[in-house]
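Thanks for making time this morning.

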Amino acid sequence: MQLNLNTCFTTLENFGHSLKSSSYRIPIKKKEDIYEAFQLAKKLGLKVTARGTGISYNDASLNGGGIVLDMRGMNQIVEWDSTTGVVRCESGVTLEQMWQRVEPDGWWSPVVPGTMKTTLGGCLAANIHGKNNFQAGPIGEHVVEFTAMLPTGALVTCSPKKNADLFYAMISGLGMLGVFTSITLKMKRIHSGLITVDAWHVLNLHKHLSDLRDHAADHDYIVGWLDAMARGKSLGRGQIHGARQLKEGEDSNPQKTLQLSYQHLPDRFFGILPKSILHYFMHPVINNLGMRFVNMGRYVSALRAHTFRQSHAEFHFLLDYAPNWERSFGRGGLIQYQSFVPKETAEDAWREMLELSHRNGLPSFLGVTKRHRPDKFLLTHGVDGFSLAMDFKVTDKNRASLSAMLQEFDQIVLNAGGRFYFAKNSETTAESARKFLGDDAISKFKKLKRRCDPNGLLESDLYRRVFG
Ligand SMILES: Cc1cc2nc3c(=O)[nH]c(=O)nc-3n(C[C@H](O)[C@H](O)[C@H](O)COP(=O)(O)OP(=O)(O)OC[C@H]3O[C@@H](n4cnc5c(N)ncnc54)[C@H](O)[C@@H]3O)c2cc1C
């Protein structure tokens, strides 16, 4: 690899375009390139961060002044066994590439986030969760094994039985212990390209959370939309979608529905408007007044309970329907704040946060809820409870007050025994992280870091913020 650092110095952003930092971006095509980049970083005294698609909502894959390894060039699906459902990929393979390879053979990824654009390396480093977190756990629970390169140049292979301490720390470890090169995952069987979805409305926060809890067991997936602008008796109202995979025999023509053409997300809105420009039309309504009407309209349209069938891609990747939708939030971008709170305390905590956002005139424009369970990864965000993700528009005028409010949110979440997710929040401080992770987990992580990365080469903006 010929490196000219002057030509690769570039400005990178987070998904929400609310953060920027300039770094040396080095394209990685093979594992030897990673080793060379580590050598170079050591020589020049620079820090290194791996970056997949770069669509974390925060600073997880930003590294101001340092080297960013662009992993998207390591994008080969190396082995796919359609009889066992085991797939081995390079870490820059995207979920989109992976599901498109396995789905026609009757398999689906056991865990997916709300977008198919993420890389597998990014998914393991954050230990992503899906709408089935309450039963399937995070993606790490479906990893058969992975290989990662440590900053020393050593390659380590880990599984739940082999190098188990590293397995449970590198998955969720934000790329701070090593760089994934190869990932082997076990897919789950599907008998149709379709999924059955039940949709119903909920009147308030209490009903919202009790329905998520009580109806999760009857569904494979459950997710709520929460109107974060509704107040008073309607606070926390919204709509729940509970989905079930079809059993063998329920789909009369699985050969047809499992075809990729059946999963295709339309690239035009109403058959006319290219979806790539939809964000220009969304922009004028992305403000307090516009979004009040949008949320109200959405709630009214949700009043009729109904059941329908959708393709897997349509159900899981709703946010990919409108590419660049985050651009509609304007120049200052957006911050997503996601908290994970135990089932016993979530209602009070979120009532307090929603009311605070209303009093401050800083409401969230979109709220999404999910049901979760704990897991045993070292930097876990899992709880026996729920998560609420809230999208906030950032402007020059509100940036400071929004940041102050989100720090107040942190205190409410911590007092409620909650946790945060390192791929989303951009405000979590080192003190908050220590409170929810605990001294024991942090010192275990730091001990492993000293073992894997004795020269402290792996650092990101997030690492410096949360563990610095
Ligand atoms: C629209 C949208 C919806 C989302 N929905 C969900 C959701 O439902 N559930 C959920 O859990 N998350 C969700 N996310 C968050 C997203 O899944 C994570 O941020 C994911 O990590 C992004 O993958 P990426 O390839 O862009 O990683 P990046 O943002 O590039 O990197 C994320 C982290 O992974 C590390 N990393 C990347 N590649 C490697 C590698 N090869 N080796 C070691 N470390 C590496 C980086 O250093 C960084 O710490 C969503 C994001 C978006 C934009």
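If we sort the shell around the ligand by class, we count 16 nonpolar, 16 polar and three charged residues, and please keep in mind throughout that this is a predicted model. The shell holds 35 residues in total, and the closest to the ligand are Ala-50, Gly-52, Ser-56, Thr-119 and Tyr-421. Which elements supply at least two residues each? They are β3 (48–51), α3 (120–126) and β10 (179–186), and the largest share, four residues, comes from α3.

For Phe-180, a backbone N or O atom lies 2.9 Å from a nitrogen atom of the ligand. Taken alone, the ligand exposes 970 Å², and the protein buries 98% of that area.

The largest cavity holds about 40 Å³ of space, and among the residues lining it are Ala-125, Ser-172, His-381 and Tyr-421. Where does the largest cavity lie? Domain 2 (73–189) and domain 3 (194–428) both give residues to its lining, so the cavity lies between them.

The second largest cavity, with a volume of about 30 Å³, has a lining that includes Ala-169, Met-176 and Phe-180, and by class this lining has five nonpolar, three polar and no charged residues.

Key:
Residues are numbered from 1 along each chain as its sequence is written. This is a predicted model: local features need pLDDT of at least 70, side-chain atom pairs count only at pLDDT 80 or more; totals for chains, interfaces and linings use all residues. Side-chain values use heavy atoms; hydrogens and water are left out. On a 1 Å grid over the protein atoms alone, a cavity is a set of points where a 1.4 Å probe fits but cannot get out, and a pocket is an open set with protein on both sides within 12 Å along at least five of seven lines; lining residues have an atom within 4 Å of a point. Grid points are joined across faces, edges and corners, and a volume is the space filled by probe spheres set on the points. Domain bounds come from an automatic or database domain assignment. Ala, Val, Leu, Ile, Met, Phe, Trp, Tyr, Cys and Pro count as nonpolar, Asp, Glu, Lys and Arg as charged, and the others, Gly among them, as polar. A residue is near a molecule or strand if one of its heavy atoms lies within 4 Å of it. A polar contact is a pair of N or O atoms within 3.5 Å; within protein, one must be able to donate a hydrogen and the other to accept it, and residues adjacent in sequence count only if both atoms are side-chain atoms. Accessible areas come from the Shrake-Rupley method with a 1.4 Å probe; for residues, only the protein chains shown count as cover.
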